[in-house]
Amino acid sequence: MDIYDALIVGGGLAGLLCAREIAKEGFRVRVFEEHLEIGRPEKCDGLISLRALKELGFDKDEKFIRNRIKKASLFSPKGYELSLKAENQEVIVLDRALFDKEIAKQASNHGVEISLGSKVKHLKKEGLKLENSDFQGRYIVDAGGCQSLLNYRKEGVLQAGKYEISGDWFDKDRVELYFNQELTPGFFLWLIPLSEDYCKIGAAGYRINPFKVIDRFLKNKKCTIVRKIAAPINVGGTLTSFQKENLFFVGDAAGQTKPTTAGGIYTGGMGGIFAGKSIVSNLKGERSLSYTELWKRKFSKEFDVMKMGRKLFERFNNDALDRLFKILKDSSFEEKVPLEGDFDFHSKVFLSSLKIKEITKLLFFLAEVEYKNLLKGLKKISKSK
Ligand SMILES: Cc1cc2nc3c(=O)[nH]c(=O)nc-3n(C[C@H](O)[C@H](O)[C@H](O)COP(=O)(O)OP(=O)(O)OC[C@H]3O[C@@H](n4cnc5c(N)ncnc54)[C@H](O)[C@@H]3O)c2cc1C
C-alpha cells in the first residue's frame, strides 16, 4: 500500500492550510473531504481582520472579500447601546465558501491530492479507513471540525442557527450584537451585513432553539429569508494537547475557537499552519518546538482571559448586563476601543481601554453580582430544606 507523508481528515480551512504547509516542502499529502464541494455547506459568517488574513497567507484585495465593517453596536437586554468604531481594526466579511476554495487551490498548486465525497470512517495512528479503502500515512491530521471535537469532549459546544436574509433596515457598515440571558443564555444574537440589502443573522445559547430566537427578532421586520442553516460552535476552549505522537488535531477539532465569540478562522487557521510546519520539521528530522507549544505561545494568554470573561458573563442575569453596559457607557470605553483595538486579541483591548477608576468600579460591580448569586443560592438551599 502507498504510504503518504500526511493524511488529513477534513477539507475545511484548518485541514487545507495544514496540507498546503506540508506539500510546500515537497511532501506527499492527501486530504479527504466528506462533502462533494469544498466550502459547502457554508456555515461560517466569515468575520476576520485583514491582519489575520495576511498571516494566513492572503492579500487584502482578494475576490472572496464580500464586505468591510466600519462599526459595531452591542445592545443590552433593555436596549442600551455601546457603539464602537471599527475602522482601525480593518474587519472584513469573507465569502467563506470561496475562501476555502482558494486555500484548496493554493494547496493543490503545491501538489496536495484532494478527495471529495470521501468520508473517513475510522482514524488511527497508522492510517485512515474509508468505506471501501484504507490509506497509510506517517502523520495523521484530524481537521474534521466541531463534529470531530465532540468525539473528544462533549461540553462547551452550543448549537447555533443562522439565516441569510434580504431586507433594507440594517446598516451595510455595521455589525450588531444583541445580549439577552433569557433568550440567548451564554451567547448572543448577531447580525453581519454583506451588502446594503443582504445580511446574515445568527443566534446561539445554552438549551435554546436558535431559529425561534431569530424568528422573534425578525417578527416586525420586513425581509425575505433565503437560507437557513444550523451548526455547532465551540466556546469551551481547547483540548489540553493538540498532538498524540503522530496524530495531530487542528482547527475546531482541537477546540481552537475563541471562548467569547466562537470565532476560529484565524486561530484555527494558524493551528493548521503551525501543525503543518511542525510535521515538516519532523519529516525532515529537525528538532523544533512542538505544535501545541507554538500555538499556545501565540494564543493561550488571550484564550485564558477570554475563558475567565465567559465564566463571569455566564453568571450575569439581564439586570446585571444592563448595569454593565451602563458602567461601560459612562466610561471612556467607546472612545478608546477604536484607537487601541485589535480584533484578534479583544480581551487585551477591553482591559487596556479602561482606566484604573473604571476597573475598580467594574470589580465592585462583579463582587456585587457574585454576592447576589450567593444569596440566591442560599435561599434556594434553605427553601429545599
Ligand atoms: C454559524 C457560525 C458562524 C461562524 N462565524 C465565524 C466568524 O464570523 N468568524 C470566525 O472567525 N469564525 C466563525 N465561525 C467559526 C469558524 O467557522 C470555524 O472555527 C472554522 O470553520 C473552523 O475550521 P475547521 O477547518 O477547523 O473546520 P470546518 O470548517 O468545520 O471544516 C471541517 C471539515 O471536515 C469535514 N469532515 C468532518 N468529518 C469528516 C470525515 N469523517 N471525513 C471527511 N471529512 C470530514 C467537514 O465536512 C468540513 O468540511 C463560525 C462558525 C459557525 C458555525
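Q: Which residues does E81 touch, not counting residues up to four places away in sequence?
A: Contact means heavy atoms within 4.5 Å. On that basis E81 touches S73, L74, F75, R174, K329 and E334. This is a predicted model: local features need pLDDT of at least 70, side-chain atom pairs count only at pLDDT 80 or more, and totals for chains, interfaces and linings use all residues. Residues are numbered from 1 along each chain as its sequence is written, and side-chain values use heavy atoms, with hydrogens and water left out.

Q: Where is E81 found, and what is its relative accessible area?
A: Helices (H or I, at least four residues) and strands (E, at least two) are DSSP runs, numbered from the N terminus. E81 is in strand β6 (residues 81–85). Buried means under 20% relative accessible area, exposed over 50%, and partly exposed in between (1.4 Å probe, protein chains only). E81 has 27% and is therefore partly exposed.

Q: Is T184 buried or exposed?
A: T184 has a relative accessibility of 2%, so it counts as buried. T184 sits in the loop between β13 (174–178) and β14 (189–195). Its contacts, leaving aside neighbours within four places in sequence, are Y178, L189, A203, A204, G205, I208 and V213.

Q: What span should helix α6 (residues 265–283) have?
A: The expected span of a helix is 1.5 Å times one less than its number of residues. For the 19 residues of α6 this gives 27 Å, and the end C-alpha atoms are 27 Å apart, which agrees. Of these 19 residues, 16 are buried, so α6 is largely enclosed by the rest of the structure. Just after α6, G285 takes a positive phi of about 75°.

Q: Into which domains is the protein chain divided?
A: Domain bounds come from an automatic or database domain assignment. Here they give domain 1 (3–42 + 96–154 + 240–294), domain 2 (157–234) and domain 3 (307–384). The centres of domain 1 and domain 2, taken over C-alpha atoms, are 30 Å apart. Across this pair, 14 residues of domain 1 are in contact with eleven residues of domain 2.
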